[in-house]
Amino acid sequence: MKPFIITIDGPSGVGKGTLATSLAEALNFIHLDTGAQYRAVTLAFLQSKKSFNEQTLIAIAENLTPEKLLPLIQDPQLRAPETSQLVSKVAHIKSVRVALTKLSQEFCLNPPQNAKGVVLDGRDTGTLVYPQANIKFFLTAESKVRAKRRWLDYQQKGIQRDFEEVFKE
């Protein structure tokens with residue numbers, strides 16, 4: 001039986017992750033934050049202790065499977081400053097993006113842990129990653145609301161940031 005797929009798309013700070021986590025829990029589905037995949041590739045790269053180059057990063061992305069992805073996403077170092085500082089460089093590599101889109105699609109077709117469904121959250125999940133999803137959501141929020149959500153996330157993590165700086169970002 002084909003897994004039931006739900007996508008939650010929209011810009012940063014609108015609550016995609018919060019909704020996806022709650023929805024996956026309520027439905028007993030598995031949740032995949034597609035943005036976390038880029039952090040997972042970055043973390044795997046940092047753990048490899050290799051020199052930064054595109055070919056290494058592409059190889060890491062292409063060799064990820066849904067089973068290998070889950071432990072990386074659950075690793076506490078996923079959101080460590082070292083990972084955060086490098087992740088945007090990794091995300092700019094087109095071949096990494098292509099590999100991770102394929103990984104997300106594989107995750108949906110063959111979810112780990114024999115899940116009966118998947119909730120995907122992240123940018124372009126309903127248009128590029130899995131356009132044939134059973135249900136698609138697109139969330140929006142005003143800039144000030146998004147900035148406040150992001151600022152509160154930082155506060156909860158003990159990261160002191162000026163609200164106006166977060167808003168400008």
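1. Phe137 counts as partly exposed, at 36% relative accessibility. The cut-offs are under 20% relative accessible area for buried, over 50% for exposed, and partly exposed in between (1.4 Å probe, protein chains only). Phe137 sits in strand β4 (residues 135–138). Helices (H or I, at least four residues) and strands (E, at least two) are DSSP runs, numbered from the N terminus.

2. A word on the model. It is predicted: local features need pLDDT of at least 70, side-chain atom pairs count only at pLDDT 80 or more, and totals for chains, interfaces and linings use all residues. Residues are numbered from 1 along each chain as its sequence is written, and side-chain values use heavy atoms, with hydrogens and water left out.

3. Phe137 also belongs to a nonpolar surface patch of about 290 Å², made with Phe4, Leu19 and Ile135. Patch residues have over 30% relative accessible area and no salt bridge; nonpolar side chains (Val, Leu, Ile, Met, Phe, Trp, Tyr) are joined within 5 Å, like charges within 9 Å. A salt bridge is a side-chain nitrogen of Lys or Arg within 4 Å of a carboxyl oxygen of Asp or Glu. Areas come from the Shrake-Rupley method with a 1.4 Å probe; for residues, only the protein chains shown count as cover.

4. Next, the aromatic pairs. Rings of Phe, Tyr and Trp (its six-membered ring) pair if their centres lie within 6.5 Å; planes under 30 degrees apart are stacked, over 60 edge-to-face, the rest tilted. By this rule there are four aromatic pairs. Phe4 and Phe29 make a tilted one, because their planes stand at 50°, with centres 6.1 Å apart. Phe4 is in strand β1 (residues 4–9) and Phe29 in the loop between α1 (16–27) and β2 (30–33), so the pair ties together parts 25 residues apart in sequence. Phe4 is partly exposed at 32%; Phe29 is buried at 15%.

5. Phe163 and Phe167 form a stacked pair, 6.4 Å centre to centre with 15° between the planes. Both lie in helix α9 (residues 163–168), four residues apart, about one turn of the helix. Phe163 is partly exposed at 22%, and Phe167 is partly exposed at 30%. Ring pairs link these two and Trp151 into a cluster.

6. Phe167 has a charge over its ring: the charged end of Lys144, 4.3 Å from the ring centre. The rule asks for NZ of Lys or CZ of Arg within 6 Å of the ring centre and within 35 degrees of the ring normal.

7. Thr34 lies in helix α2 (residues 34–48) and is buried at 7%.
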